[in-house]
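Let's take a walk through this one together. Keep the sequence and the 3D view open side by side, and follow along.

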Amino acid sequence: MLAQNRLAALVRSPFVRLAQLLEGIAPGLPAIDLSLGEPKALIPSFLGPILETHLAEFGRYPPIKGIPALRTAIGSWLGRRYPVLKGNVDGETQILPLNGSREGLFSAIFPAVARKAKLERPAVLIPNPFYQAYAAAAAAAGAVPELLPSRAEHDFLPELDQIDPSLLKRTVAFYLCTPSNPQGAVADRGYLARAIALARRHDFLLFADECYSEIYSETPPPGALETAYAETGSFANVVSFQSLSKRSGLPGLRSGFVAGDPTFIAAYLRFRNVACPQVPLPVQHVSVAAWGDEAHVEQGRALYRQNFAVADAILAGRYGYRRPPGSFFLWLNLAACGGGAAAAKTLWKGCGVKVLPGEYLAQAEPDGVNPGTDYIRVALVHNADVTREALTRIVATLG
Ligand SMILES: Cc1ncc(COP(=O)(O)O)c(C=O)c1O
């Protein structure tokens with residue numbers, strides 16, 4: 001019963017809550033949806049022909065481990081993106097394909113809890129605000145989700161040296177999202193190295209959710225695996241989750257991967273073999289091409305850069321706006337407009353712009369304050385014209 005209550009309290013879809021908030025309210029102008037982080041712009045041209053070539057393979061169950069060509073393509077991509085990893089990630093033992101990163105972020109918690117089976121109240125560290133699947137995973141696996149404040153004054157990242165040592169002792173995994181959803185915060189190498197050292201000292205897994213790593217304006221964000229390898233020549237206790245959803249603008253393809261600590265990957269493979277979805281073979285073939293091509297990724301980045309240039313021009317000096325170092329989200333402070341939920345209603349009713357109240361992405365902390373209450377999350381996933389129209393409407397409506 002307790003577990004059920006915990007699940008109900010923690011796991012509420014932000015989008016269902018948004019639909020409830022706006023129910024019965026007609027949009028003031030033709031709707032523009034900036035609530036969902038769903039890239040809209042570009043379907044890479046190679047996708048169709050490759051699917052066509054491999055259509056018959058929808059008639060076969062795919063191997064959970066993925067085809068060797070996919071694991072090789074992923075390993076090569078890791079080596080190009082993070083040169084220190086070149087030739088150092090073993091596709092046989094250190095990489096598994098995922099049906100999008102979400103199912104991986106969810107299911108990986110089960111072997112993470114199992115590897116420390118003697119703990120009485122296993123804990124899962126989660127930044128607050130957070131991607132909701134982390135808490136769903138912890139609650140479903142019977143672990144205690146422990147929220148780590150991630151405040152503006154600390155660059156929206158959890159303060160590692162503030163984590164209670166008794167909590168670290170019972171930690172099985174730490175979800176670190178970088179670049180982060182919703183604030184676009186990026187953990188630098190020093191931060192990643194400290195997080196990795198902490199994971200090793202207390203023998204928990206660092207689950208680095210890096211699905212926004214390719215969405216940045218200027219500098220490619222550093223990665224958890226490259227940091228682990230550069231510092232120690234090992235991936236022990238470090239696991240990275242990646243996706244083609246954001247990088248390649250293919251959220252509907254459902255393709256990602258997990259890579260890192262080979263001991264954990266082996267346990268996770270055993271678990272996945274009976275409990276998790278395989279990636280369809282035609283999708284695996286498309287994924288080989290997608291990990292092998294950077295041109296379409298750069299096109300996507302160019303689109304987001306244009307959107308941020310529009311945001312710089314329209315939002316500078318308002319709502320605590322700053323261009324985030326990573327991701328395609330704005331995290332705007334609307335305390336002056338009655339908070340995020342009130343502003344979301346005002347915007348929908350006043351000008352048909354749909355945004356997500358920040359409080360739906362966070363939980364109240366021990367002081368009773370939900371750190372998302374003042375904020376809205378705005379996804380800049382449309383083209384620059386739509387973005388300009390939407391942001392202009394926001395300023396006209398909220399002032
Ligand atoms: C932080 C974060 N992690 C993971 C995901 C899951 O993405 P996918 O399952 O499409 O790879 C998302 C999707 O929005 C996300 O925002």
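**Salt bridges, a strand and a ligand**

A search of the whole structure turns up 14 salt bridges, a salt bridge being a side-chain nitrogen of Lys or Arg within 4 Å of a carboxyl oxygen of Asp or Glu. Before going further, some housekeeping: this is a predicted model, where local features need pLDDT of at least 70 and side-chain atom pairs count only at pLDDT 80 or more, while totals for chains, interfaces and linings use all residues. Residues are numbered from 1 along each chain as its sequence is written, and side-chain values use heavy atoms, with hydrogens and water left out.

Side chains of opposite charge can pair when their charged atoms come close. Take Arg-272 and Glu-103, which form a salt bridge with their closest N and O atoms 2.6 Å apart. This pair ties together distant parts of the chain: Arg-272 sits in helix α12 (residues 262-275) and Glu-103 in helix α5 (residues 101-107), 169 residues apart. Helices here are DSSP runs of H or I with at least four residues, strands are runs of E with at least two, and both are numbered from the N terminus. Are the two partners buried or exposed? Arg-272 is buried at a relative accessible area of 0%, and Glu-103 is buried too, at 14%. For these labels, buried means under 20% relative accessible area, exposed means over 50%, and partly exposed is in between (1.4 Å probe, protein chains only).

Now look at Asp-312 and Arg-323, whose side chains meet in a salt bridge at 2.7 Å, N to O. Asp-312 belongs to helix α14 (residues 295-315), and Arg-323 lies 11 residues away in the loop between α14 and β9 (329-333). Asp-312 is partly exposed at 29%, and Arg-323 is partly exposed at 29% as well.

Arg-393 and Glu-389 form a salt bridge (2.8 Å, N to O), and because they are four residues apart in helix α16 (residues 384-398), about one helical turn separates them. Arg-393 counts as buried at 11%, whereas Glu-389 is partly exposed at 39%.

Next stop: strand β7 (residues 238-243), where six of six residues are buried. In a regular strand the side chains alternate between the two faces of the sheet. In β7 both faces are covered, with Val-238, Ser-240 and Gln-242 on one side and Val-239, Phe-241 and Ser-243 on the other. Strand β6 (residues 205-209) pairs with β7 in the parallel sense over four bridges; strands count as paired if DSSP finds at least two bridges between them. Asp-209 has Phe-241 of β7 as its bridge partner. On the other pairing, β7 and strand β8 (residues 256-260) run antiparallel over five bridges, and Phe-241 stands opposite Val-258 in β8.

Asp-209 also leads us to the ligand. Of the 14 residues around the ligand (a heavy atom within 4 Å), Asp-209, Tyr-212, Ser-243, Ser-245 and Arg-254 come nearest. An N or O atom in the side chain of Asp-209 is 2.6 Å from a ligand nitrogen. Arg-254 places a side-chain N or O atom 2.7 Å from a ligand oxygen, and a polar side-chain atom of Lys-246 lies 2.8 Å from an oxygen of the ligand.

Methods. Polar contact = N/O pair within 3.5 Å; in protein donor to acceptor, adjacent residues only side chain to side chain.
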